[in-house]
Amino acid sequence: MTSAFHGLGVAGTRPVAIGAAFVLARDLVPSPDEIAPALVDTELRRLDSALACARQHLESVRSQIPASTPVHIAEFIDAHLLMMTDSALVDATRELITQNCINASWALQLQRDTLVEIFDQMDDAYLRTRRDDVEHVVRQIQVFLNGEPSADTLAAADLHGRVVVADDLTPADAIMLRNRGVAAFVTEHGGPMSHTAILARSLDIPTVMGVHNATHYLRHGELLVINAETGTVLAEADSGILMYYRSRLASADARRSALRRLVREPSVSLDGTPVILLANLELPEDVTAACANGAAGVGLYRTEFLYMNREGLPDEEEHLATYLQIVRGLDGVPLTIRTLDLGADKPFHGLGSDAPAHNNPALGLRAIRLCLKEPSLFMPQLRAILRASAEGPIRLMIPMISSLSEVDQVLTIISQTRRAMRRDGLPFDPLMPIGGMIEVPAAALVAGALARRLDFLSIGTNDLVQYTLAIDRTDDAVSYLYDPLHPAVLRLIKWTIDAAAESRTRVSMCGEMAGDPRYTALLLGLGLRELSMQPGSLLEVKERVRGCDIAALEHEVRGIMDHLDDISSQHLLDRLAEVSLAT
Ligand code: PEP
Ligand code: MG
């Protein structure tokens with residue numbers, strides 16, 4: 001019988017997927033389990049077999065490491081392999097099984113606790129970190145004792161066509177899973193505007209988040225149907241349902257091919273107004289998708305992904321090489337590089353400090369606040385952006401501005417850096433535009449002053465909605481309140497656009513709202529002429545732009561803004577749809 005599970009859908013151009021589940025086990029913490037003495041030998045054999053499988057798995061991972069990978073990665077694996085034969089772990093666990101008549105999982109857990117306690121008491125910080133290796137190794141053995149894959153096995157598994165089901169996926173996990181042919185993601189936690197969701201959308205992997213207990217109810221290997229439009233996961237679907245979804249997959253493919261005809265068509269409204277459609281990038285490889293979908297440039301390159309899935313920090317040369325790779329791939333169209341926006345749901349550990357956990361990381365030391373506090377993080381990136389500007393059209397964009405003084409500080413640092421580079425004979429573009437993101441209500445409300453200081457503004461609605469409505473964008477429990485059409489949000493957007501227009505400063509939008517075709521008419525009617533989005537959304541938005549009469553929409557939106565508190569979101573969209581249909 002078909003079972004249905006519900007969550008929050010995150011859909012790109014592929015809202016539907018069908019595939020076998022790849023269920024990632026939760027952290028396996030076994031419970032005490034005494035056994036009959038006659039079963040001791042069975043448990044010892046189970047332990048041996050789990051150890052052999054774990055070793056085999058690690059050896060296979062080791063053999064697949066590309067030659068270019070830093071040598072310490074292989075050394076990590078060697079250390080784990082060695083630990084799997086260490087008597088402090090293996091013999092001691094065997095002894096616990098034999099002497100206490102307990103099962104292998106529980107014995108392993110007890111021995112892990114003993115070893116972790118010993119490491120925790122060590123004064124030497126390096127040795128204390130070895131405790132993580134113990135945790136890692138034990139978890140791998142537990143996986144094979146319990147027969148389900150874990151996040152550690154994800155790196156090596158064949159995921160082609162599979163639906164990855166996990167309690168949570170981090171942005172770093174999503175990056176690791178790109179290009180692996182994953183059919184869909186299902187997670188127990190996470191909001192549809194989290195960075196993991198944004199990545200899933202940019203990878204065009206249909207995702208359903210917030211499916212509570214999904215790892216518990218969905219079985220490894222069973223066939224799942226994912227509908228990311230409705231946020232539904234179907235298990236054991238009958239043949240009629242499967243046939244229906246297979247036909248939807250086919251029509252989605254046909255729609256995508258039909259949209260391809262727009263790639264070379266201009267992005268101009270019915271009444272002849274050009275609208276600049278730009279791409280958002282997370283990784284340099286995304287340039288290919290941006291160009292293939294006819295982007296007029298990059299409106300947002302999220303550089304923080306340079307800092308993930310690695311040890312240490314990228315240096316100036318690595319930044320420079322990455323930016324030049326993108327600039328060259330873009331063939332003359334502009335690249336907007338956002339300075340790093342680490343923190344909140346994009347944590348990182350590269351500074352090596354024992355940073356305390358913060359209660360409200362989204363309100364804490366993130367993005368430009370972190371950069372101004374840690375010049376060692378900011379300066380290599382800043383110098384690399386300036387150096388890259390000598391080679392192609394680059395704009396620098398500052399994230400998470402909340403006060404004018406932050407902008408003044410950044411502008412001063414940039415002037416000082418330019419002076420130093422001039423002294424050193426390093427070329428840069430002295431006219432490189434410098435812009436800022438409007439992601440915090442305070443920034444929207446001082447947009448006029450920001451517009452006078454900066455060359456352009458870009459509205460980041462993902463955070464602007466989060467901070468205006470006090471909704472954690474990563475929390476599925478409150479995602480029903482996350483509303484880009486809330487009157488407070490629309491007024492802040494309108495205020496920003498008008499403030500920028502007053503000082504003739506360019507203004508664009510690069511939050512997810514910009515790539516949602518349901519909002520295209522509204523955004524054009526509000527006065528925006530530049531939108532930046534996931535490459536996969538470009539053609540659908542272009543189709544909408546080409547069907548809009550902007551003068552008529554502006555007139556309608558003016559009327560709507562006067563009565564915003566009395567109009568429901570649906571009514572607002574319906575009124576704009578009528579205007580679009582009438583033209
Ligand atoms: C935004 O907040 O709208 C934005 C584009 O930045 P990010 O999603 O990376 O926080
Ligand atoms: Mg943001």
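Which polar side-chain atom lies 2.9 Å from an oxygen atom of ligand 1? Select His195: the atom belongs to its side chain.

This is a predicted model, where local features need pLDDT of at least 70, side-chain atom pairs count only at pLDDT 80 or more, and totals for chains, interfaces and linings use all residues. Residues are numbered from 1 along each chain as its sequence is written, chains are lettered from A and ligands numbered from 1 in the order in which they are written, and side-chain values use heavy atoms, with hydrogens and water left out.

**Backbone next**

Select Thr461. One of its backbone N or O atoms lies 3.1 Å from a ligand 1 oxygen. Move to Asp463. A polar backbone atom there is 3.0 Å from an oxygen of ligand 1. Polar contacts here are pairs of N or O atoms within 3.5 Å. Taken alone, ligand 1 exposes 290 Å², and the protein buries 100% of that (Shrake-Rupley method, 1.4 Å probe).

**The shell**

Now show the 16 residues around ligand 1 (a heavy atom within 4 Å). Arg302, Arg338, Gly460, Asn462 and Arg473 come nearest. Colour by class: 4 are nonpolar, 5 polar and 7 charged (Gly counts as polar; Asp, Glu, Lys and Arg as charged).

Then select helix H8 (195–202), strand E10 (298–302) and helix H18 (461–469). Each supplies at least two shell residues. H18 gives the most, with 3. Helices are DSSP runs of at least four residues, strands of at least two.

**Zoom out**

Colour domain 1 (1–26 + 159–261), domain 2 (38–147) and domain 3 (263–351 + 358–582). The bounds come from an automatic or database assignment. Centres of domain 1 and domain 2, over C-alpha atoms, are 33 Å apart.

Definitions and conventions
A polar contact is a pair of N or O atoms within 3.5 Å; within protein, one must be able to donate a hydrogen and the other to accept it, and residues adjacent in sequence count only if both atoms are side-chain atoms.
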